[in-house]
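Thank you all for making time this morning.

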Amino acid sequence: MLELRLGVTDLASMWFAYSPLQETVYSIRALVLPGVYAPRLPWHDDVAEHLNPEDVELLYAMMPPRRWLPDFLTPRPQAPGPRFADQLATVRATPGALGWHDILAVYGPDRLPPVLADGGADPDALVERIATVLDRYWRRCVRPWWPRLRAILDADIVYRSRRLAAGGARALFADLQDRLSWSAGVLTIRQASRPQYSAVEVAGRGLALVPSVFARGAMTVVDPAVPPVISYPARGRSTLWEAAAPPTEAALARLIGAPRARLLALLRHPASTTELAYRLGVTAAAVSQQLSVLHAAGLVARARSGRSVLYTRTTLGDRLADPVVPTGAAP
């Protein structure tokens, strides 16, 4: 168990960010442990077709049995929406000795896989090779999905920011993740990998919150020189794998039209035009036209997150669409 003791200054400087490099690294675990990500992800099948076979051994070696990851693979985001190339440059700049130390730390007493066994002889070359393989993996397997991934991360940040604005830290942490609890200025993080109790005074450094589609639970990295970082599962991440629209109530479809009824049902979680168009199998222009009508009628609201505009239902929209019951379903 870990306690982060946050003062007023820390709460005032708390901020959200997403990390394309973190998502890339975390996604590798979905390949290594597909059974943990049930039901089987459509993304997994797509990646299997594009993954470079020569990269598999090294990528999988970055996921040791004890489930810790080498710290240098997931540097803290330095901006709310960093570019993958900038984050990868940070990995490339990692001193080989530090990268090798991180690898040995996560493997502990376990035997290193053959692809890493000789890494200590030239750790600088190993770090460069890892960065090159990550770059290739990103381009082939993650970047094609990134617009949808980012839309979910943006939507989560908008939702969490509203929770924070409306109810403060207590409301924010109440449903962030079940490993987290908040009380009287102390954020408690329960992690099985931390069998012993420890407490950290954040002492004015602030706190970075990073949503993730591929994270399985809340994780934290604490360094006395920089703000702590907590990664947590993004709200609505399961929608990434949904292609078909949910069923809509026939009466609502008759009232506002089937396309708008489907959109209203999908907007249970905030989403961008791109994300909605993908899930409905139509053009972004068609979705934008219908959203304009719903917005003018007061059924949806708009919020900007970085370069994206996210739509979410208003209270009136919730009353119309939630719960959505398929035609013919039992009451």
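This is a predicted model: local features need pLDDT of at least 70, side-chain atom pairs count only at pLDDT 80 or more; totals for chains, interfaces and linings use all residues.

Let me begin with helix α12, residues 273–280, whose buried residues are T273, E275, L276, A277 and R279. By buried I mean under 20% relative accessible area, while exposed means over 50% and partly exposed means in between, using a 1.4 Å probe and counting protein chains only. The helices I name are DSSP runs of H or I with at least four residues, the strands are runs of E with at least two, and both are numbered from the N terminus. What covers the buried residues of α12 includes α9, α11 (258–266), β9 (271–272), α13 (284–296) and β11 (308–313). Just after α12 comes G281, which takes a positive phi of about 70°.

Residues are numbered from 1 along each chain as its sequence is written, and side-chain values use heavy atoms, with hydrogens and water left out.

Now for the chain as a whole. Its secondary structure comes to 14 helices and 11 strands, and of its 331 residues, 48% count as buried.

Next, a sheet. Strands of a sheet pair through backbone hydrogen bonds, either parallel or antiparallel. Here four strands form an open sheet in the order β3-β4-β1-β5, with mixed pairing, and two strands are taken to pair if DSSP finds at least two bridges between them. The edge strands are β3 (180–183) and β5 (198–201), each of which pairs on one side only. Between β3 and β4 (residues 186–189), which run antiparallel, there are four bridges, and S183 stands opposite V186 in β4.

Let me turn to the salt bridges. A salt bridge here is a side-chain nitrogen of Lys or Arg within 4 Å of a carboxyl oxygen of Asp or Glu, and the structure holds 10 of them. One joins the side chains of E128 and R92, at 2.4 Å from N to O. Since E128 lies in helix α8 and R92 in helix α5 (residues 84–92), this pair ties together parts that are 36 residues apart in sequence. E128 is partly exposed at 36% relative accessible area, and R92 is partly exposed at 32%.

A second salt bridge joins R139 and D135, at 3.2 Å from N to O. How far apart do these two lie in helix α8? They are four residues apart, about one turn of the helix. In general, an α-helix has 3.6 residues a turn, so residues three or four places apart point the same way. In this pair, R139 is partly exposed at 44%, whereas D135 is buried at 16%.

Another salt bridge links D318 and R313, at 2.8 Å from N to O; D318 counts as partly exposed at 32% relative accessibility, but R313 counts as buried at 8%. There is also a network of salt bridges that links D156, R160, R163 and D175.

Finally, a few other places to look at. L164 sits in helix α9 (residues 146–174) and is partly exposed, with a relative accessible area of 26%. Leaving aside its neighbours within four places in sequence, L164 is in contact with M14, A169 and L172. R143, in the loop between α8 (123–142) and α9, is partly exposed at 41%, and its C-alpha atom is separated by 9.4 Å from that of F84, which is 59 residues away along the chain. Lastly, L316 is placed in helix α14 (residues 315–321) and counts as partly exposed at 42% relative accessibility.

Methods
Contact means heavy atoms within 4.5 Å.
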